[in-house]
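Student: I've got a protein model open and I'd like to talk it through with you. Can we go over it piece by piece?

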Amino acid sequence: MLITVTAPKKGLGQTITAINLAAIANSIVSGKVIIIDTNKYCKDIEYFLSDTSVTKGLDDFISLNNANLLNKESFSACVKNVHKSIDIMASNDCLEVDERVVNKLIKYTESLYDLAIIDSISGGNSTTRLLFEKSDVVVVVLNQFKYVSGLAANSELYSQYKDKLVFILNRYMDSYEGKKVRYSIDDVESDLKSAGFDNKVFPLNYDADIINECNDHAVLNSVLNYGGNSGKYNWQLLQIAQHIIGNYSDIKIDEAEITEKFRKRRKLFGLF
């Protein structure tokens with residue numbers, strides 16, 4: 001399964017969302033997962049998930065492909081393992097990603113992984129457009145600003161692929177300091193619907209631990225272990241992952257069994 005994570009503009013938390021979605025999906029599918037960074041302007045995947053700069057990435061993949069040396073064995077030179085069954089591929093620095101590269105990348109990820117999550121360049125450059133076309137589902141990360149919802153609602157690219165979009169309202173808050181937040185998830189859904197988007201909008205509540213505890217793999221470990229104070233965030237993330245896998249892939253999952261397993265682990269960690 002191929003999932004592209006994007007946003008109408010940078011700074012909305014799409015990389016953290018991509019990482020956490022990969023972690024929770026990994027616990028659901030019980031298979032191999034790869035997170036691929038195609039955003040050469042930020043390179044945040046390796047920043048969050050590696051103690052050192054990652055030299056294994058898209059540039060290696062493209063070079064091996066151009067030299068006709070790419071195969072399932074040499075593919076391992078293009079990825080770094082950051083968890084038992086989660087690999088990452090760093091963004092390109094030098095070589096450009098074109099349709100030929102995207103097609104070959106999908107071919108190898110489909111044969112080697114159960115799930116591939118791609119952190120794309122925000123907006124709509126040529127690579128992002130290609131990824132939208134090839135993906136099973138596109139996750140669009142928003143926030144609680146009407147301006148951002150407007151960018152999504154008016155996006156020609158999003159409109160073109162609306163049948164495969166899932167919206168996430170990141171760092172969501174119902175209220176702040178006792179006052180109800182004015183632009184709610186209902187308002188976001190209403191504005192998107194007025195623009196012709198009937199797609200599901202999921203909240204991911206604001207969680208200080210998710211945002212601040214980013215060093216030393218803490219972002220990844222928080223979701224994999226359902227730990228910290230991130231119970232509600234992880235619960236919402238689980239609902240998103242189950243919706244995506246259950247509705248956009250051929251992977252068979254037992255949602256009731258997964259939910260019960262998750263509930264027991266939350267109880268074990270004292271989150272009830």
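This is a predicted model: local features need pLDDT of at least 70, side-chain atom pairs count only at pLDDT 80 or more; totals for chains, interfaces and linings use all residues.

Student: How many helices and strands are in the protein chain?

Tutor: The chain has 272 residues, and 54% of them count as buried. Its secondary structure comes to 12 helices and 10 strands.

Student: What share of the contacts with a separation of 6 or more joins residues 24 or more positions apart?

Tutor: Here we look at heavy atoms within 4.5 Å of each other. Among contacts in the chain with a separation of 6 or more, the share from residues 24 or more positions apart is 80%.

Student: How far does α4 reach from its first C-alpha to its last?

Tutor: Helix α4 covers residues 99-112, which is 14 residues. At 1.5 Å a residue the expected reach is 20 Å, and the model comes close to that, at 20 Å.

Student: Which elements do the buried residues of α4 pack against?

Tutor: Start with the buried residues themselves: Val101, Val102, Leu105, Ile106, Tyr108 and Thr109. They pack against β1, β2, α3, β4, β5 and α5.

Student: Which elements each supply at least two residues of the lining of the largest cavity?

Tutor: The search finds one cavity of 30 Å³ or more, and the largest holds about 40 Å³ of space. Its lining includes Thr109, Glu110, Leu115 and Ala116. The elements that each supply at least two lining residues are α4 and β5.

Conventions
Residues are numbered from 1 along each chain as its sequence is written. Side-chain values use heavy atoms; hydrogens and water are left out. Helices (H or I, at least four residues) and strands (E, at least two) are DSSP runs, numbered from the N terminus. Buried means under 20% relative accessible area, exposed over 50%, partly exposed in between (1.4 Å probe, protein chains only). The expected span of a helix is 1.5 Å times one less than its number of residues. On a 1 Å grid over the protein atoms alone, a cavity is a set of points where a 1.4 Å probe fits but cannot get out, and a pocket is an open set with protein on both sides within 12 Å along at least five of seven lines; lining residues have an atom within 4 Å of a point. Grid points are joined across faces, edges and corners, and a volume is the space filled by probe spheres set on the points.
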